[in-house]
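I opened my notebook to look up charges and rings in one structure. My entries follow.

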Amino acid sequence: MITGIRTVADARKQAMHDPRIQACWLEVDCGFQPVADVFEECVSEALNAFSSTQMHDYLEAARFLGKLGRGPEPMLAFLEEWPSVVASIGGCEILPQVMAFVKVLQRSPNSKAIAPMLQTLAAVSRRLQSPGQLQFYLDIAQDLMTRTSGSIHGHHTTFPSPGLMDFFAQAPFLTRLLSMAGLKNWVDYGIRNYANHPERQVDYFKLQSADSRAVLQRERHGTLFADVERKLDLYLRALWRDSDLLVPYSTAFDELRQPVPYYDKLGLRVPDVFDDSNGVSGLDRYRAVLAHMIGHRRWSKPLIADNWSPFQRMAVEFFEDCRIDTLLIRAYPGLQRIFLALHPRPVETDCDPQTTSCLRHRLAMLSRALIDPEHGYTNPDLLEFVRRYRDLLAESEANTAAIAELALAYVARTRRQSDQFAKVHFKDTVIGYRDDNRQMWQFIEEGDEEEAFDEKRRLEPADSAPGLPPRHYPEWDYNSQTYRPDWVSVYESLHPSGAAADIDSLLAKHSALAKRLKRLFDLLKPQDKVRLRHQEDGSELDLDIAIRSLIDFRCGVTPDPRINMSHRTDGRDIAVMLLLDLSESLNQKVAGSSQTILQLSQEAVSLLSWAVDRLGDPLAVAGFRSNTRHDVRYQHIKGYSEPWGDAVKARLAALDAGYSTRIGAAVRHAAHYLENQKADKKLMLVLTDGEPADVDAHDPRTLIEDARQAVKELDAKGIYSHCISLDPHADDYVTQIFGKRFTVIDNVQRLPERLPQLFLALTK
């Protein structure tokens, strides 16, 4: 099912039409034919998304990957996946770190892991959604590589890490379940316990061992940001009229100081996971954090920080945070319950001022008292400033400058010599839903200006480029019973056109069969109306029944009350997708005939399309072929909205066959169009002459299992699938894929007759 090999020069001439794409091809200086086959589509997507600087870096990285000596796989994976990575994390600033990690892998015995790492990078990025998170992920992977790669006598790493490639394969699944802290703990457990046991290490990172699944379950906790991002985005838009970007950060690598939420010119920064706390769900904790930051953006004004001491600035931040909380509670009173549940309640006598700095303790108590009318504290200074605070906000929103004056007065009243002690009381003083208040201060010293809040965010205009980018689909891995995310790249296009008159000649050749089909299809054609008799309520009187009921009434018999009739439209509500295998094997001649299988398929599809057009059912026809997972071609021959005419006939006339058969990817892409049709019944017919196969699938069972999984996905979407196989030995594998929903046509010469008849049988 594989065509002869074309030269790279031929591929260049055929693919490179745009001068910009030609310039890009010269810049990457590539000699791989698989790259040449898809280069135009990949670069068109990048030209449409990247600035000129980003485009240069993209091509330079691709050129480097093509010169590694690892074949075309790393370069193909990068060209296909990197635009999705940039779209997910919002910029190209992570590219140097990714390429640095690639170089580390290349210099180590783990160079085979470069392609799997790049292949799964887009799926991982969609979960992590920030450069910082992606950097943490790369750090985890590099730590795994360093600690599990073997060496001789402790020197010169020689043996590759047994679990690294499996870790990359499972990374999209792991990042769906774990935060970065959880992922780091899961990887650390595998390294500590199985570093010296290669086979058990492989089982651990494949998620096949009991320990691996147990530790994974242990680390699954809290609410992951990626799972609630859409809800939070709608929350911001609906309640706060704000639509800024949400950017997660990880708490896994900050051992000295845990980061806290903040916002800058790139968006609102929140943790990648929140646990439930004091009866408040993780989702509500996210909402509280975002509400507090939005309050600062709406009501806080920056102050010049240079003339304030650190203690004064701390007091101003506590008072301003409380003002923001108060204004938020006025807008949405339900927030008070969440704020009070998340705000610690310091015990008044916990801090000993003789040995410990109690400044944070006093401010935390004051903060609680300012938003909790039932705080229960008795300190006279605290009570006085609670009263002054409430008087200040009683009739207005106040402002940051006024609240700063109140905070300065509080510091002057309550400061103590012990506030300078190195030992600081921290218990019950951390308020987790508040941000770090960096936006409240501006610095005027040269070189320290905070410009993040004075400048509008600017996006560089991207160059536009024609062409459809590839669609990425997962592929089922039967060994691990998981999906390989974004494993297959599907490129769709309109099929080239030929001479429409050739199809008219084919129909004339089968005129006798066409007449029989016309009679059969006319019987199935929807009628305008069907009469429904014996109705108690209806649109008109049924005279026969009415007269009979009147006679019964006159004779003293209880009459039949169902004397009305109504009408309904007798229509067919079915949408059909006909998917044609256009692999190289269709060029074989049929035994005992001068025609090829492709020519007979062409005749059969032409007859079916003509007949279905007369019937009026929505029908789409598409062909597919593949040349490795990086280059699956899906060609539209007839769309649902297209009538049977010269344009469709011209595409059918130009059908050609080549390359291999990757059924699973084609079925998933066809389902993308079929499931959007408004029909009671949706039918997908797959016409093929052999089992799924491709040049990069060395295990023949791999693509069979993937096609089987794709058919299961169709069932879940309510799409009925049926395979028409032209392979007389198809029973060995087609049952595994389609179950009992298949038909084997042993006599291929009867295909033009059998295909329309089969359609009739399936759609009655």
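I began with a definition: a salt bridge is a side-chain nitrogen of Lys or Arg within 4 Å of a carboxyl oxygen of Asp or Glu. I noted that the model is predicted, so local features need pLDDT of at least 70 and side-chain atom pairs pLDDT 80 or more, while totals for chains, interfaces and linings use all residues. Residues are numbered from 1 along each chain as its sequence is written, and side-chain values use heavy atoms, without hydrogens and water.

**Salt bridges**

I searched the whole structure and got 43 salt bridges. I then looked up Asp227, which bridges to Arg127 with the closest N and O atoms 3.0 Å apart. Asp227 sits in helix α14 (residues 225-240) and Arg127 in helix α8 (residues 121-128), so this pair ties together parts 100 residues apart in sequence. Helices here are DSSP runs of H or I with at least four residues, strands are runs of E with at least two, and both are numbered from the N terminus.

Is Arg127 buried or exposed? Arg127 counts as buried, because its relative accessibility is 17%. Asp227 is partly exposed at 48%. The cut-offs are under 20% relative accessible area for buried, over 50% for exposed, and partly exposed in between (1.4 Å probe, protein chains only).

Next I checked Lys649, which forms a salt bridge with Asp504 at 2.8 Å between the closest N and O atoms. Lys649 is in helix α25 (residues 646-653) and Asp504 in helix α21 (residues 500-509), 145 residues apart. Lys649 is buried at 12%, and Asp504 is partly exposed at 33%.

I also found a network of salt bridges linking Asp143, Arg147, Lys184 and Asp188.

**Aromatic rings**

I counted 22 aromatic pairs in the whole structure. Phe225 and Tyr286 make a tilted pair, 6.0 Å centre to centre with 55 degrees between the planes. Rings of Phe, Tyr and Trp (its six-membered ring) pair if their centres lie within 6.5 Å; planes under 30 degrees apart are stacked, over 60 edge-to-face, and the rest tilted. Phe225 is in helix α14 and Tyr286 in helix α15 (residues 282-299), 61 residues apart. Phe225 is buried at 1%, and Tyr286 is buried at 0%.

Tyr286 also pairs with Phe274, edge-to-face, at 4.8 Å centre to centre and 65 degrees between the planes. Phe274 lies in strand β7 (residues 273-274) and Tyr286 in helix α15, so the pair ties together parts 12 residues apart in sequence. Phe274 is buried at 7%.
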